[in-house]
Amino acid sequence: MNPVFGDVEVPGGRLRVARFGTGPRLIVAVHGITASLMAWSGVARRLPAEWSLVAMDLRGRGHSAELPGPYGLPRHAEDVGLVARSLGAESGIVLTGHSMGAYVAALAAAGRDYARVVLVDGGLPLPLPPGLDPDTVLSATLGPAIARLGQTFPSTDAYVGFFKAHPAFAGNWNDRVEEYVRYDAAGPEGAVRSRAREEAVRQDGRWLLTESEEIGAALYAVKSPLSLLRAPRGLLDQPVGMIPDELAATWTGRLPALEDELVEDCNHYTILMEDRCASLVADRLVR
């Protein structure tokens, strides 16, 4: 299944979008903080024939990298809303997001009328401990990912090799992961680098860490059926996920209608990209 690419008009220019599939039933999907629309390729390929998945490169990433700021999750949520409304009635669309994209999806869904909202390993507020500097916390949590944005590589193959050595993909490499990495590579031989802009990543990361109250308010305002899919392992395949059990329990207590499911034996990345995990996510999006 090859995606069909297009663009949607947003403030400041045009946002790159891709449609996977030809089915009339629609999913709009939002990627993570340093990712691209190709993060959703593995899930899209496992959807039933009557479904299509529309993903976008958020501004500052992928082929939307040149769209101007300011960034911040509310700005992305506005862009997501424009993409969704370009497809027709929101009431017929399933909205989903992974990692930072789950927070964007929650903001975009607040007070709207989506058919369903599915948060994938993100979306629950992560309050910044008092006295800690957001940039320090951002570097501690996303340090390797941010460092990659400033690196150059001698070739696209070398960029792929960098990802093959990443702890999250050791033993989990497949064609979908390679397709995702190659899509992100930009620049001439000798100076290949990620398409994602560090300025956008840092600005979005600061917003995510400092605006937990706004994220919580958005979750309370989601009117659609709301579910959460979590990975038990983290960014570096460590045995603590991005959304640990305690945090999930706190929010299922506050939002009794929130469905929480742990997707066994995957990490923050492979929940979308490993065959079994991607199949489960696809199933939950259409059920």
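In this predicted model, the axes of helix 5 and helix 6 (residues 175–184) come within 9 Å and cross at roughly 130 degrees. An angle over 145 degrees would count as roughly antiparallel, and helix 5 and helix 6 are therefore oblique to each other. Their crossing is right-handed, and the contact is formed by Thr156, Asp157, Tyr159, Val160, Phe163 and Lys164 on the side of helix 5, with Glu178, Val181, Arg182 and Asp184 on the side of helix 6. Sorted by class, the contact of helix 5 with helix 6 has five charged residues, four nonpolar residues and one polar residue.

Helix 4 and helix 7 form another packed pair, with an angle of about 150 degrees and axes 10 Å apart. That angle makes helix 4 roughly antiparallel to helix 7, and the crossing of helix 4 and helix 7 is right-handed. Helix 4 brings Pro134, Asp135, Val137, Leu138, Ser139, Ile146 and Leu149 to the contact, while helix 7 brings Glu198, Val201, Arg202, Gly205, Arg206, Leu209 and Thr210. Of the residues in the contact of helix 4 with helix 7, seven are nonpolar, three are polar and four are charged.

Helix 3 (residues 100–109) packs on helix 8 (residues 212–221) at an angle of about 55 degrees, with the two axes 8 Å apart. Helix 3 and helix 8 are therefore oblique to each other, and the crossing of helix 3 and helix 8 is left-handed. On helix 3 the residues involved are Tyr103, Ala106 and Leu107, which meet Glu214, Ile215, Ala218 and Leu219 of helix 8. The contact of helix 3 with helix 8 has six nonpolar residues, no polar residues and one charged residue.

The geometry of these pairs is set out below.

| Helix pair | Angle between axes | Axis distance |
|---|---|---|
| Helix 5 and helix 6 | roughly 130 degrees | within 9 Å |
| Helix 4 and helix 7 | about 150 degrees | 10 Å |
| Helix 3 and helix 8 | about 55 degrees | 8 Å |

The lining of the largest pocket is made up of 40 residues, and Thr141, Leu142, Leu235, Met242 and His268 are the ones that lie nearest its centre. Two or more residues of this lining come from each of helix 3, helix 4 (134–149), helix 5 (156–164) and helix 7 (198–210), and helix 4 gives the most, with eight residues. By class, the lining of the largest pocket divides into 27 nonpolar, eleven polar and two charged residues.

Two features of the backbone remain to be described. Most residues other than glycine have a negative phi, and most peptide bonds are trans. The peptide bond from Gly69 to Pro70, however, is cis, with omega near 5 degrees, and Pro70 is placed in the loop between strand 4 (51–56) and helix 2 (73–87). Ser99, although it is not a glycine, has a positive phi of about 60 degrees, and Ser99 lies in the loop between strand 5 (93–98) and helix 3.

Terms used: Residues numbered from 1 in each chain as written. Predicted model: local features only at pLDDT ≥ 70, side-chain atom pairs only at ≥ 80, totals over all residues. Heavy atoms only, no water. Axes fitted to C-alpha atoms, helices over the stretch in contact; angles between N-to-C directions. Helix = DSSP H or I, 4+ residues; strand = E, 2+ residues; numbered from the N terminus. Parallel < 35°, antiparallel > 145°, perpendicular 65-115°, else oblique. Left-handed = near helix turned anticlockwise from the far one by under 90°. Contact = heavy atoms within 4.5 Å. Nonpolar A, V, L, I, M, F, W, Y, C, P; charged D, E, K, R; others polar. 1 Å grid on protein atoms, 1.4 Å probe; cavity = no way out; pocket = protein on both sides within 12 Å on 5 of 7 lines; lining within 4 Å.
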